[in-house]
Amino acid sequence: MNGDKGAEIKMSDIADGMVQPFYLTGNNSENKTPLVRGRFARLTRPCQAILARHDYPAAINELCAEAMSLAACLSTTLKFDGVFTLQAKGDGAVQTLFADVTSAGAMRAYAAFDAEKLADIPPTEPAILPRLMGGGYMAFTVDQDAALGDEAHRYQGIVELEGSHLGDCAIAWFKNSEQLAAQIITAASQKADGWHSSALFLQQIAGEGGQHASLSTEELADEWHTAMVMMSSVTRDEMLNLELSPSELLYRLFHSQNIHLQTPRPIIDSCRCSAEKVEQVLSGLSDDQLRELCDENGQLQVACEFCKVNRAYPLAQFVSAQS
Ligand SMILES: [Zn+2]
């Protein structure tokens, strides 16, 4: 799956990983405008493949798996052509949590952690955010392809790490940036075939001038309340159960609120690293830096922190001949 241009993503890939966008027009069938928008992400293959490659402890796998589903969900709520990145930095056992996904659906992820600090956390404690990451922040970044390096094409939102789960930070971000109510539930679990993760996201939609013509403010509040109640009735098992398709699950939850499914978006495991990019970086280093990197066999070894692919080059290929 690791090519210079990334893997080709096909609609049939949705069986392995996907985001199902949907919206609710509410209980009142007179209303035709979307009142609540939603996303349901379910990742099997990308989650399994990425975590199998990293071989992290279970607590890190769980956090990483949830980050992947969360990134998948959030990326599809934004209109962009490029890369969406979710990055959390903490001062606890987990220092970095990183997941990114392209607008086409190519995903990768990794975590950096302190094994000693992690070992000090009792295994019986649930793997929740403050315990693993301590204090810190979460950043959501969108890098547009259109003009690489152009500040105007980079958007970043930052929130403090808060709440018990990664989703709580995302909710705080929506509250700060869009002033609209949002809710997110994430779930991850290890099964016989590896890790699975899922996320369910709901957000209120602002109508014209903050109003929806055919509905009163009370009715709107009521619709949001009902959507939240239905959302909170979902179980982890339903979210992760492959026997239950995303559309079946969503109809089960939101049928009374007139759910409309939109085109699902495939998410695949695909790294964007390439020999070309690695060689470009090596070419930019000084001879001293290159010698420092070089191993005892005269080789420059560069491993991708995402996909673990290792690339080796003889030192002589990059060191200036005269030095
Ligand atoms: Zn890679």
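Which strands and which helix do the buried residues of H6 pack against?

The model is predicted, with local features requiring pLDDT of at least 70 and side-chain atom pairs pLDDT 80 or more, while totals for chains, interfaces and linings use all residues. Residues are numbered from 1 along each chain as its sequence is written, and side-chain values use heavy atoms, without hydrogens and water.

View 1. Helices (H or I, at least four residues) and strands (E, at least two) are DSSP runs numbered from the N terminus. Leu220, Glu223, Trp224, Ala227 and Met231 are the buried residues of H6 (buried: under 20% relative accessible area; exposed: over 50%; partly exposed in between; 1.4 Å probe, protein chains only). They fall within an arc of 95° seen down the axis of H6, so they line one face of the helix; the arc is taken from the directions from the helix axis to the C-beta atoms. These buried residues pack against strands S1 (17-24), S2 (36-43), S8 (182-191) and S9 (194-204), and against helix H8 (246-254); contact means heavy atoms within 4.5 Å. On the other side of H6, Glu218, His225 and Ser232 are exposed.

**View 2. The open sheet.** Six strands, in the order S7-S6-S3-S4-S5-S12, form an open sheet with mixed pairing (strands pair if DSSP finds at least two bridges between them). Its edge strands, S7 (154-160) and S12 (268-269), each pair on one side only. S5 (residues 106-113) and S12 pair in the parallel sense over two bridges, and Ala106 has Ile268 as its bridge partner in S12.

**View 3. Arg311 in strand S14.** Arg311 lies in S14 (residues 310-314) and counts as buried because its relative accessibility is 13%. Beyond its neighbours within four places in sequence, Arg311 is in contact with residues including Cys273, Leu300 and Val302.
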